[in-house]
Each structure stands twice: as structure tokens, then as C-alpha cells.
Amino acid sequence: ALEAITGGVAFVRDPYQNLLATNALGRAFYSPVVGDGGRTPNLARFQFLDPASRDFYPDWDLFAEMCVGIMRAEAGRDPHDRTMQDLVGELSTRSETFRTLWGAHNVRTHGSGTKRFHHPVAGELTLAYEELAITAEPGLVLLVYTAEPGSPSAERLHLLASWSAGEDATTERSRATS
């Protein structure tokens, strides 16, 4: 289903902010988060522990508040969730900002809206987002980011898709010759 979404960024996120699956454009879009692919990409770790997040999220403070608010909502569903406790502990010990925001006890759901990004390849993007619960897998959500048709952001997403296709072709050629 993710790969069928070709005009926008689509990904599945779990309650711990892990990026579990993305479409092709999502992989290109979240390349700063995915990094070297060593461990499952995590939006909260990227937000609070990676200095690159301040470039990727022009509205960094807003994204930080949203991230913690979403995690607070998830933690409230199961206060004894050891995985969430471990993630909160890790972020609390490594990020003063996270610790302060977590202590504020603000809760937030994601829903829909508009966000701004600065992608290292595509540049400035303003994208509308919609979050959809995956009812077959409680706790998982599908998020889709799209640009207004004909907008500069739509042109930049198209550029990112072209760049991604070129990267994928290079990777395939490398695998074929190995």
C-alpha cells in the first residue's frame, strides 16, 4: 500500500517514533533520519540527539513539542510499557530539552496540518500531513505528507523523487555487479 502512494511521502510509525516502513519518496525524504541504516530510524532520537534535526526542521521547537506530546499520549495508554520507559529514559539523560518538555506533561495527538522542512537535496518544503490509524495493528499509524499541486514544494518533491530514483538505480547496479 505504501508503494502505491507515489505523489507524497508516506510512512508507518510505531508508538516509539520508529519509522517501520516508507514508500520510495519517504526513504528519500527521511534520508537525514535514516542515516547509515544501522538501527531502526527513530524520529525522537533524531529530533533530540542529532544536530542535523535543527536544519531539517525549520520549526524545531514546535517539532520537539509535538514529538514529546505524541510520546506522552502513547505513554499514557500503557504506563508500564518498558520499551517506552527505556526510550524516555535514554532521551531524558541525553537531552535537556527533552527532559524539560517531558516534565511539562503536555499531551498531543497528531491528526492533520501543515509542516515545514528543509531537506538537504530538495530544499524548503511546506507539506500538508494526515495521520491515519492502522486499525489492524493498534499503535501503528500511517502518515502521508503531500504538497499543494503546482506549488514550489510540489516541484521540489518531484525533484526529490527523481533524485531518489537515480539513487535507487545506482544501488541496484552496485548490487548487480557485486
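## Strand β5

A residue counts as buried when its relative accessible area is under 20%. By that cut-off, five of the six residues of strand β5 (residues 141-146) are buried, leaving the strand mostly covered. The model is a predicted one.

Strand β5 has two pairing partners here. Strand β1 (residues 9-13) pairs with β5 in the antiparallel sense, over five bridges. Strand β4 (residues 123-133) also runs antiparallel to β5, over six bridges.

## Residue N23

N23 sits in the loop between β2 (19-22) and α1 (24-29). Is N23 buried or exposed? Its relative accessible area is 0%, so N23 is buried.

The side chain of N23 reaches the backbone oxygen of G8 at 2.8 Å. Beyond its neighbours within four places in sequence, N23 is in contact with L2, E3, I5, G8, V9 and A10.

## Helix α6

Helix α6 covers residues 82-94, 13 residues in total. From first C-alpha to last it reaches 18 Å, close to the 18 Å expected at 1.5 Å a residue. At the N-terminal end, D81 provides the cap. One of its side-chain oxygens lies 2.9 Å from the backbone nitrogen of T83.

Which residues of α6 are buried? They are M84, L87, V88, E90, L91 and S92. An α-helix has 3.6 residues a turn, so residues three or four places apart point the same way.

Technical notes: Residues are numbered from 1 along each chain as its sequence is written. This is a predicted model: local features need pLDDT of at least 70, side-chain atom pairs count only at pLDDT 80 or more; totals for chains, interfaces and linings use all residues. Side-chain values use heavy atoms; hydrogens and water are left out. Helices (H or I, at least four residues) and strands (E, at least two) are DSSP runs, numbered from the N terminus. The expected span of a helix is 1.5 Å times one less than its number of residues. Buried means under 20% relative accessible area, exposed over 50%, partly exposed in between (1.4 Å probe, protein chains only). A polar contact is a pair of N or O atoms within 3.5 Å; within protein, one must be able to donate a hydrogen and the other to accept it, and residues adjacent in sequence count only if both atoms are side-chain atoms. Two strands pair if DSSP finds at least two bridges between them. Contact means heavy atoms within 4.5 Å.
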